[in-house]
Amino acid sequence: DEAPRHALQLELTRARALPLLSGLAGFTLLDGTASATLDLRGGGRDLAGIRRSLSGSAALLVENGRLNGVDIPGVVRSMAGRLSAADTTAFDRLSLRFQVQDGRATTQELAFAGPLVTAGGSGVVDLAEKSIAFRIEPRLNRAAARNLPRILDVSLPVIINGAWDAPQIHVDLAGLTGEGGVSQGLRDIGSGLLGGNAGGVGGLLDALMPAEGARRPPGARSRVRP
């Protein structure tokens with residue numbers, strides 16, 4: 001027999017995001033005041049089959065919220081990804097617009113604004129596998145970068161990926177271009193703030209982006225690219 005077909009059209013205004021998303025899908029990363037528009041279609045005899053077949057579009061806006069288990073300003077400031085479930089990133093506004101096909105929701109329209117950082121980005125939510133893969137480019141504002149003046153004008157690509165209830169986060173050093181202000185700013189950090197030729201993270205940055213303008217080795221890519 002042909003699997004049943006399903007359709008969902010929903011407009012949601014100013015609902016609490018955490019209990020809604022955790023109750024529906026076990027998604028605990030995001031909290032705040034959420035508004036959403038969904039127009040989805042799928043088929044299947046169980047929830048897993050429906051998730052794999054979903055297609056359509058979705059838009060999500062979350063205000064006055066936080067990302068649980070993710071400290072984006074901390075990662076950018078420390079250039080490290082040692083996180084715990086107690087880490088959070090507070091934000092004023094997060095908006096995403098998705099296209100959904102075969103259970104994968106893809107966005108090129110992520111916009112984030114918070115008290116410490118602003119960001120844009122893109123990514124994929126795999127509804128069947130309950131996983132996410134996002135690449136965002138945050139920029140610290142003056143409050144967050146008060147003690148890091150050389151990083152103020154540098155946007156560091158950050159990767160957030162893995163299971164959506166326990167994502168991993170790291171700075172995408174391999175995804176940086178070898179030209180322009182980003183590489184120059186990172187060379188400054190590597191040579192001064194983080195130790196330069198003495199080794200450690202500073203030495204790594206100087207090796208990746210040498211001062212004479214040599215490009216990074218061809219084929220260097222991040223581990224996950226949404």
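User: Is Phe 27 buried or exposed?
Analyst: Phe 27 counts as buried, at 16% relative accessibility. Buried means under 20% relative accessible area, exposed means over 50%, and partly exposed is in between, with a 1.4 Å probe and protein chains only.

User: Before we go on, what sort of model is this?
Analyst: It's a predicted model, where local features need pLDDT of at least 70 and side-chain atom pairs count only at pLDDT 80 or more, while totals for chains, interfaces and linings use all residues. Residues are numbered from 1 along each chain as its sequence is written, and side-chain values use heavy atoms, leaving out hydrogens and water.

User: Thanks! How many aromatic pairs does the count come to?
Analyst: The count comes to 2. Phe 27 and Trp 164 are edge-to-face, because their ring centres are 5.6 Å apart and the planes sit at 85°. That pair links distant parts of the chain: Phe 27 is in the loop between α1 and β2, and Trp 164, 137 residues apart from it, is in the loop between β8 (158–163) and β9 (168–171). Trp 164 is buried too, with a relative accessible area of 5%.

User: And which residues form the tilted pair?
Analyst: Phe 91 and Phe 112, with 5.4 Å centre to centre and 55° between the planes. Phe 91 belongs to strand β4 (residues 88–101) and Phe 112 to strand β5 (residues 104–113), 21 residues apart. Phe 91 is buried at 2% relative accessible area, and Phe 112 is buried at 8%.

User: What are the cut-offs for those pairs?
Analyst: Rings of Phe, Tyr and Trp (its six-membered ring) pair if their centres lie within 6.5 Å; planes under 30 degrees apart are stacked, over 60 edge-to-face, and the rest tilted.

User: Which residues touch the most other members of the largest nonpolar core?
Analyst: Phe 98, Phe 112, Val 125, Ile 132 and Ile 160, out of 33 residues in that core. At least two core residues each come from α1, β2, β3, β4, β5, β6 (117–126), β7 (131–140) and β8. β4 gives the largest share, 5 residues. A nonpolar core here is a set of buried Ala, Val, Leu, Ile, Met, Phe, Trp, Tyr and Cys residues joined through side-chain atoms within 4.5 Å.

User: What is Val 125 in contact with?
Analyst: Leaving aside neighbours within four places in sequence, the contacts of Val 125 include Phe 98, Ile 132, Phe 134 and Trp 164. Contact means heavy atoms within 4.5 Å.

User: New topic: where does Asp 31 lie?
Analyst: Asp 31 lies in strand β2 and is buried, at 3% relative accessible area. A polar atom of the Asp 31 side chain is 3.3 Å from the backbone nitrogen of Leu 18. Beyond its neighbours within four places in sequence, Asp 31 also contacts Phe 91, among others.

User: Which residues are buried in helix α1?
Analyst: Ala 17, Leu 18 and Ala 25 are buried in α1 (residues 17–25). They sit on the same side of α1, because they cover an arc of only 90° around the axis. Gly 23 and Leu 24, on the other side, are exposed. The cover over the buried residues includes β1 (5–16), β2 (30–43), α2 (47–53) and β3 (55–68).

User: Last one: how many helices and strands are there in the chain?
Analyst: There are 5 helices and 9 strands, taken as DSSP runs numbered from the N terminus (helices H or I, at least four residues; strands E, at least two). Of the 226 residues in the chain, 45% are buried.

Terms used:
The arc is that of the directions from the helix axis to the C-beta atoms. A polar contact is a pair of N or O atoms within 3.5 Å; within protein, one must be able to donate a hydrogen and the other to accept it, and residues adjacent in sequence count only if both atoms are side-chain atoms.
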